[in-house]
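The following account leads the reader through one protein chain, from its overall make-up to single residues. Please keep the sequence and the structure in view while reading.

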Amino acid sequence: MKIIIQLSSEEEAKALPILLRHSPGMILPERTYVLGEDAVASLRNAGIRFTQLSREALAPCLEEVAGKRV
């Protein structure tokens, strides 16, 4: 599951060493990151504060969208 977070500039400086060795992710403008759950847990364990902007929702299966399987 992917989680989108935003860091302050001070917290980003603390987070980068953890993120660089821990997990692939995506960096967006304004110190916004798309990370896996493990990377976010590592940031929390290190006491790094961030704002969680979004969490990837699980996609419904085709049966839930289209009705019963035929």
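**From the whole chain to one strand**

The chain has 70 residues, of which 27% count as buried; buried means under 20% relative accessible area, exposed means over 50%, and partly exposed lies in between, with a 1.4 Å probe and protein chains only. The model is predicted, so that local features need pLDDT of at least 70 and side-chain atom pairs count only at pLDDT 80 or more, whereas totals for chains, interfaces and linings use all residues. Residues are numbered from 1 along each chain as its sequence is written, and side-chain values use heavy atoms, with hydrogens and water left out.

The accessible surface of the chain comes to about 5,300 Å², and carbon and sulfur atoms hold 54% of it; such areas come from the Shrake-Rupley method with a 1.4 Å probe, and for residues only the protein chains shown count as cover. Three helices and four strands are present in the chain. Helices (H or I, at least four residues) and strands (E, at least two) are DSSP runs, numbered from the N terminus. Read from the N terminus on, the elements follow the order β-α-β-β-α-β-α. Among the contacts with a separation of 6 or more, 67% are between residues 24 or more positions apart, a contact being heavy atoms within 4.5 Å.

The four strands form an open sheet in the order β2-β3-β1-β4, with antiparallel pairing; two strands pair if DSSP finds at least two bridges between them. Why is one side of β2 and of β4 left without a neighbour in the sheet? Strands β2 (26-28) and β4 (51-55) stand at the edges and each has a single partner strand, so one side of each has no neighbour there. From one strand to the next, the twist averages 25°. Helix α2 (residues 37-45) packs on the sheet and touches β1, β3 and β4, and its direction makes about 110° with that of β3. Axes are lines fitted to C-alpha atoms, for helices over the stretch in contact, and angles run from 0 to 180 degrees between N-to-C directions.

Strand β1 (residues 2-6) is joined to β4 by four bridges, and the two run antiparallel. With β3, strand β1 pairs in the antiparallel sense over five bridges. Ile5 has a bridge partner in each of these strands: Gln52 in β4 and Tyr33 in β3.

Leu7 touches residues including Ala15, Tyr33 and Phe50.

Strand β3 is mostly covered, as five of its five residues are buried. Thr32, Val34 and Gly36 point one way from β3, and Tyr33 and Leu35 the other way. Thr32 lies in this strand, which spans residues 32-36, and has a relative accessible area of 8%, so Thr32 counts as buried. Its side chain reaches the backbone oxygen of Pro29 at 3.1 Å, a polar contact being a pair of N or O atoms within 3.5 Å; within protein, one must be able to donate a hydrogen and the other to accept it, and residues adjacent in sequence count only if both atoms are side-chain atoms. Apart from residues up to four places away in sequence, Thr32 touches Ile4, Ile5, Gln6, Met26, Ile27 and Leu53.

Strands β2 and β3 pair in the antiparallel sense over three bridges, and Ile27 stands opposite Tyr33 in β3. The two strands form a hairpin with three residues between them. Most residues other than glycine have a negative phi. In the loop of this hairpin, however, Glu30 has a positive phi of about 65°, and Arg31 one of about 55°. Glu30 counts as exposed because its relative accessibility is 63%, whereas Arg31, with a relative accessible area of 35%, is partly exposed.
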